[in-house]
Each structure stands twice: as C-alpha cells, then as structure tokens.
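Colleague: Could you take a close look at one part of this model for me, the contacts made by side-chain rings and charges? I'd like it as one connected story.

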Amino acid sequence: MNSKVAVVILNWNGRQKGLIEQYLPSVVEYSKDAEVFVADNGSEDDSLEFIKANFPTVNLIPLDKNYGFTGGYNRALSQIEADYFILLNDDVEVTENWIPPLIEKMEADKTIAVCQPKLLSYKDKVSFEYAGAAGGYLDYLGYPFCAGRVFQNLEKDNGQYDKEREIFWATGAAMFVRADVFRSVGGLDEDFFAHMEEIDFCWRVKNAGYKVMYYPQSTVYHFGAATLQTNNPKKTFLNFRNNLLLLYKNLPEKNFSSVFFKRRCLDYLAAFVFLLQGNKEDCKAVFDARKDFRKIKKHFYSKRQKNISSYPSQTLKKSLVLQSKLFHRNLFTQLEDYLF
C-alpha cells in the first residue's frame with residue numbers, strides 16, 4: 001500500500017500485556033492523515049486476531065518470530081511504501097493533530113531527515129518521559145541524556161523546552177523518519193537488537209549531512225519500559241553492551257583510545273555501585289555486557305570504517321557523569337552551554 005505517511009507500531013504480545021486496548025485506540029482516532037500498521041514480532045498471544053476484529057482499518061504485517069526492535073522494524077518498513085515513516089512504540093498515547101505539524105516541517109526543509117515530538121510521561125502527564133523527553137543528546141563518552149531528563153532526573157514540563165531545536169538523536173518511541181533516508185543509511189543496525197539503536201541511526205543520519213530535530217508543536221504520552229522493566233538485568237546488559245558498540249562503530253579515531261579507557265573505568269565503577277546497592281544481577285550484567293562486546297566487536301570493524309567522522313553537533317564536550325554526580329548539574333539548561 002502506498003501512503004504518504006505510515007505510522008508503524010511494533011507489537012510483541014501486546015494483547016497479553018493490555019497494550020493494544022490501552023494505546024491503539026488513540027492512534028487510530030488521531031492518525032486519519034496516515035496509514036496505521038502493526039508489525040507483529042512473532043507474538044504468542046491473540047494480538048493479530050484481536051486487532052483484526054476490533055481495529056479493521058489497521059494494516060497488519062505478521063513476522064515469523066521476534067526480531068527485536070531493529071530487525072522487526074527493518075522487515076516491516078521494507079514492506080511499506082511511504083514518503084515518511086513514524087516509528088511508534090506500542091505504549092504511546094497520541095493526541096489530536098500530532099502528525100501534521102512535524103510532516104509540514106519536514107516537507108519544508110529536505111535536510112531534515114528525522115524528528116520527534118515532545119514526549120511526556122503517560123503516568124505523570126506534566127513531566128517529561130525518560131526515553132526521549134524534549135530531544136536526545138550524547139556526551140563525548142557516550143552517555144545519552146535529553147532536554148528534560150538527565151540520568152534519572154525528570155523535569156516537569158513548564159514550557160521551558162517549547163522552542164524547536166536541532167538535537168543529536170530522536171527517540172525510537174515516536175520517531176518521524178524520511179523513508180528514502182532510512183533506506184539510504186541502511187536502516188536500523190540489527191546487531192543492536194534493542195536499545196541505543198536510534199542513537200546509532202541518528203549518528204549515521206547526521207554523518208550523511210542531514211538534521212535531526214525536536215518539535216514541541218506535537219505532544220505524545222509514553223508509558224515506558226512496557227517490554228523490559230527499568231530494573232531488568234537484560235535491559236542493563238543491552239544498554240551497556242550497545243553503548244560500547246555505538247562508540248566503537250562511530251567514534252572519531254583521535255578520541256578512540258582515551259574514550260574507551262575512561263569508559264572501562266566508569267563501567268566498572270557502575271558495576272561496583274550496583275553491587276553496593278544489592279543489585280548483584282545488574283552488576284553481573286555490566287561484566288557480561290563488556291565480555292559480549294569484546295566478543296563481537298571484530299564484526300563491527302567494517303561498520304566502523306564506514307561511519308567514523310567527527311563528533312556531531314549537539315554532543316556534550318564535558319563528562320555527563322561528572323557534571324551530574326559531582327557538580328549536581330541535572331537540568332539540561334545547566335549543560336547546554338557545553339554542547340559542541
């Protein structure tokens with residue numbers, strides 16, 4: 001089916017978890033100017049049957065197994081003809097007129113390849129949500145943060161980020177992507193499986209000369225951690241391993257040795273903190289992540305040769321860990337003067 005805008009939701013056992021009934025109705029109601037697709041990542045519940053019976057206008061793309069966030073989206077988007085893709089998590093409630101303002105911005109400026117709306121918390125609708133808030137950034141050591149969220153510190157939305165701006169990365173929870181650019185840069189890297197893949201994707205998009213933007217004219221509400229809970233050791237493993245893969249794949253050569261030495265120290269410090277907190281499984285996950293990274297990084301060598309350049313704009317030239325933990329700078333407004 002050929003559509004100008006395709007909203008694509010990746011589902012895995014969403015019926016069993018109550019996500020389809022909770023969040024899909026708002027997407028169907030407020031996405032009249034787009035085609036809505038649900039790509040099913042090999043669900044073992046009755047997700048497909050339930051959607052067919054209750055949401056007949058939704059297009060279904062059944063996949064034979066769980067390919068993760070990256071593989072699921074790559075396979076689904078390869079089957080859709082559209083000018084723009086909107087990758088939308090299955091635990092996002094959208095609002096009226098959430099699509100047109102951002103598509104209009106992308107139509108007006110062909111250098112904008114990726115953008116995101118304002119992401120607020122479904123559980124606390126006056127606060128920013130962890131996964132994307134008002135747009136994503138990265139420090140030079142690879143630690144991601146957002147306007148509205150530094151580590152676990154979430155800000156209230158008081159209109160302080162109601163100005164559109166260029167960002168480093170857009171959240172995979174509600175990512176608007178120019179379809180031809182998605183294909184030209186190679187889509188999502190399936191070696192990531194899930195977590196950090198949108199940062200890697202946006203880094204490649206920026207290396208290709210395009211912009212990634214945040215637009216507050218649209219707001220969505222994200223529940224967050226519906227697939228993997230925040231304190232799940234598997235999530236800890238993926239976050240630490242994939243962050244190392246992100247750096248190995250994209251870091252400028254001149255920064256490589258210094259950054260990886262500092263990250264090794266900080267990762268082991270994080271593992272020690274987990275242990276002090278009694279989180280033995282999370283502590284082990286950090287060591288497992290570094291071990292797995294060492295095992296598979298040789299397969300990333302060719303990817304590294306294709307991607308290394310310089311740090312993109314919107315990179316924090318200070319250590320986020322030191323700024324937050326030592327100097328107590330936990331608001332984006334206290335950090336933005338240190339951006340490249």
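Colleague: To start, which residue lies over the face of phenylalanine 151, and at what distance from the ring centre?

Modeller: That's lysine 325, 4.8 Å from the ring centre of phenylalanine 151. A charge sits over a ring here if NZ of Lys or CZ of Arg is within 6 Å of the ring centre and within 35 degrees of the ring normal. Arginine 304 does likewise with tyrosine 248, at 6.0 Å from the centre of that ring.

Before going on: this is a predicted model, where local features need pLDDT of at least 70 and side-chain atom pairs pLDDT 80 or more, while totals for chains, interfaces and linings use all residues. Numbering runs from 1 along each chain as its sequence is written, and side-chain values use heavy atoms, without hydrogens or water.

Now ring against ring. There are 21 aromatic pairs (Phe, Tyr or Trp rings, the six-membered one for Trp, with centres within 6.5 Å; planes under 30 degrees apart are stacked, over 60 edge-to-face, the rest tilted). Take tyrosine 311 and phenylalanine 340: their centres are 5.9 Å apart and their planes at 20 degrees, so they count as stacked. Tyrosine 311 is in the loop between α10 (301-307) and β14 (315-316), and phenylalanine 340 in the segment after α11 (320-326), so the pair ties together parts 29 residues apart in sequence (helices, H or I, of at least four residues and strands, E, of at least two are DSSP runs numbered from the N terminus). Tyrosine 311 is buried, at 15% relative accessibility, whereas phenylalanine 340 is partly exposed at 48% (buried is under 20% relative accessible area, exposed over 50%, partly exposed in between, with a 1.4 Å probe and protein chains only). Elsewhere, ring pairs join Phe128, Tyr137, Phe145, Tyr161 and Phe332 into a cluster.

Lysine 105 and glutamate 164 make one of them, with their closest N and O atoms 3.1 Å apart. Lysine 105 belongs to helix α4 (residues 100-108) and glutamate 164 to the loop between β10 (153-154) and β11 (165-166), 59 residues apart. Lysine 105 is partly exposed at 28%, and glutamate 164 is partly exposed at 32%.

Another bridge, arginine 241 to aspartate 292, comes in at 3.0 Å, N to O. Helix α7 (residues 233-250) holds arginine 241 and helix α9 (residues 280-296) holds aspartate 292, 51 residues apart. Both arginine 241 and aspartate 292 are buried. Finally, bridges with shared partners join Asp189, Asp191, Asp200, Arg204, Lys249 and Lys303 into one network.

Key:
A salt bridge is a side-chain nitrogen of Lys or Arg within 4 Å of a carboxyl oxygen of Asp or Glu.
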